[in-house]
Amino acid sequence: MKDQLKNHILQFANPTEKELQSFLDLFDLKSIENKEYLIQEGQYCRHQYFILKGCFRSFFVNRKGIEKVINFGIENWWLTDFDGFINQTPSEINIQAAENSQVLKISKTQLDIILTNSLELNRYFRIILEKVRIADQRRIQFMYSLSGEELYQVFCDHNPKFVQRIPQYMLASYLGFTPEFLSKIRARKKL
């Protein structure tokens, strides 16, 4: 299982074998059932997770009691509540499995120590966080500049693996739509 993470790291950085093995030894495997939470609002987020298998969503519940999906994660993606993890404050979001899943988890303390001691692993996480930030920036830009149909099409074009794996109501929430509006878009696409 840890070979999957090792291979992912080696795509972006070149730590020594000793650094890499020391890092991999810090992880614990966790199996998560569909709809089970990695973290719930109000809990402290003490781990960062590497997804080996499965799909997750991060979301919050607004004042009207409506779930708003912030992000998704699938295999070879990192997932955590960054605000709660970095600042060690109670989480304001939920992270829930959207299917049976497996993750590798590492604590903040362990991650901080290894990143202080390994320039290459630090580089790896910098690259990963840059990719996350770019994706978030593009999503915001697309949400403000594209029509609903265009936004859905861009999502489908860039994320074909998600379209088949996540329920329609979750995708609608992520895109800022109602499930009914997304159904209308999908129906028009089939014509």
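Visitor: How far apart are the centres of domain 1 and domain 2?
Guide: This is a predicted model, where local features need pLDDT of at least 70, side-chain atom pairs count only at pLDDT 80 or more, and totals for chains, interfaces and linings use all residues. Residues are numbered from 1 along each chain as its sequence is written, and side-chain values use heavy atoms, without hydrogens and water. Domain 1 covers 2-132 and domain 2 covers 146-191, with bounds from an automatic or database domain assignment. Taken over C-alpha atoms, their centres are separated by 26 Å.

Visitor: How many residues does each domain give to the contact?
Guide: Contact means heavy atoms within 4.5 Å. Both domains take part: domain 1 gives 15 residues and domain 2 gives nine residues.

Visitor: What area do domain 1 and domain 2 bury between them?
Guide: Buried area is the accessible area (1.4 Å probe) that two parts lose on being put together, summed over both. Carbon and sulfur atoms hold 65% of it here. The total is about 1,000 Å².

Visitor: Which residues of domain 1 lose the most area to domain 2?
Guide: Three residues together make up 48% of what the domain 1 side buries. They are Val69, Phe72 and Ile74.

Visitor: How many salt bridges are there between domain 1 and domain 2?
Guide: A salt bridge is a side-chain nitrogen of Lys or Arg within 4 Å of a carboxyl oxygen of Asp or Glu. The side chains of Arg165 and Glu75 form a salt bridge at 2.8 Å, N to O. Between domain 1 and domain 2, the count is two.
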